[in-house]
Amino acid sequence: MKLIYSTASPYARTTRIAVRELGLQEQVEEIFQHPFEDPAQLISFNPLCKVPCLIDDKGNGIFDSEVICEYLDAQSGNQLFKEIHQDWHLKTLYSLTRGILDSCVAWQQDKMRGKAGESEFWQKRFISSIERGLNYLQKQLASFPEQVSALQINLVVILDYLAFRHSEYEWTERHPELIEWHQIWQQRPAMLDTFPTA
Ligand SMILES: N[C@@H](CCC(=O)N[C@@H](CS)C(=O)NCC(=O)O)C(=O)O
């Protein structure tokens, strides 16, 4: 299998962490491509031209990141989604992590419009949803699966992305209850090996 990714994309990072947590490094070749350069290979497998995109052993494109993580998990004994699929509460928390990630990325996209194009209205809405979402999640940490799952992966990815792209949000100031949790989970080799870079 081949995995097209970029080092800054938090969605791509969730799939790269899944590869490592599932021990699939030998089976998945990672290929760096920047979506803004419209790479022909990426477009041929994902018409949306977004990373991540997995190319399976039959030559089919598989996207988006949630589908890729589920696909990889299904190849390796369902470690990352098993409990989430069996529990509507956990499934809802998983959706919340996806929504927070979407707000983090939408905020970054808005900043990329430059001062003249940025929208104060939208940025406020993105920040509010991130803040409310993390406040909600921090009260639910006890219900997370004990073993690493897609929930822990997404929450580490969110917090590291906030530090990477939105340091002014100061997540450790706003969410001190998440600091200890983050310190434990971000130490895993899969997380350390994939920290975002520009
Ligand atoms: N829902 C998709 C989102 C993927 C996505 O938006 N990736 C961004 C990078 S963070 C991208 O490739 N953007 C290129 C573009 O929008 O043209 C997923 O979960 O994989």
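Student: Where is Pro-52 placed in this predicted model?

Tutor: Pro-52 sits in the loop between helix H2 (40–45) and S3.

Student: What makes the peptide bond between Val-51 and Pro-52 a cis bond?

Tutor: Its omega is about 5°. Another cis peptide bond joins Phe-63 and Asp-64, also with an omega of about 5°. Asp-64 belongs to the loop between S4 and H3. In general, most peptide bonds are trans.

Student: Which residues surround the ligand?

Tutor: Among them are Val-51, Pro-52, Phe-63 and Asp-64. By class, the shell comprises seven nonpolar, two polar and three charged residues.

Student: Why is Val-156 called buried?

Tutor: A residue is buried if 20 or more other C-beta atoms lie within 10 Å of its own. Val-156 has 25 C-beta neighbours inside 10 Å, and therefore counts as buried. This residue is in helix H7. Leaving aside residues up to four places away in sequence, Val-156 touches His-182, Trp-185, Gln-186 and Met-191. Val-156 and Gln-186 are 30 residues apart along the chain, yet 6.3 Å separates their C-alpha atoms.

Student: Why does Asp-38 count as exposed?

Tutor: The cut-off for an exposed residue is 12 or fewer such neighbours. Asp-38 has 10 C-beta neighbours inside 10 Å, so it counts as exposed. Asp-38 lies in the loop between S2 and H2, and its phi is positive, about 50°, although it is not a glycine.

Student: Why is Asn-78 described as partly exposed?

Tutor: That class lies between the two cut-offs, 20 or more for buried and 12 or fewer for exposed. Asn-78 has 14 other C-beta atoms within 10 Å, and is therefore partly exposed. Asn-78 is in the loop between H3 and helix H4 (82–85).

Student: How do you know that the buried residues of H3 line one face of the helix?

Tutor: The buried residues of helix H3 (residues 65–75) are Ser-65, Ile-68, Cys-69, Leu-72 and Asp-73. Viewed down the axis of H3, these residues fall within an arc of 130°, so they line one face. In an α-helix there are 3.6 residues a turn, so residues three or four places apart point the same way. The cover over the buried residues of H3 includes helix H1 (10–21), strand S3 (53–55), strand S4 (61–62) and helix H7 (150–165).

Student: What makes S2 and S4 the edge strands?

Tutor: Four strands form an open, mixed sheet in the order S2-S1-S3-S4. Strand S2 (29–32) and S4 each pair on one side only, and are the edge strands.

Notes. Residues numbered from 1 in each chain as written. Predicted model: local features only at pLDDT ≥ 70, side-chain atom pairs only at ≥ 80, totals over all residues. Helix = DSSP H or I, 4+ residues; strand = E, 2+ residues; numbered from the N terminus. Arc of directions from axis to C-beta. Contact = placed C-beta atoms within 7 Å. Near = placed C-beta within 6 Å. Nonpolar A, V, L, I, M, F, W, Y, C, P; charged D, E, K, R; others polar. Pairing = 2+ DSSP bridges.
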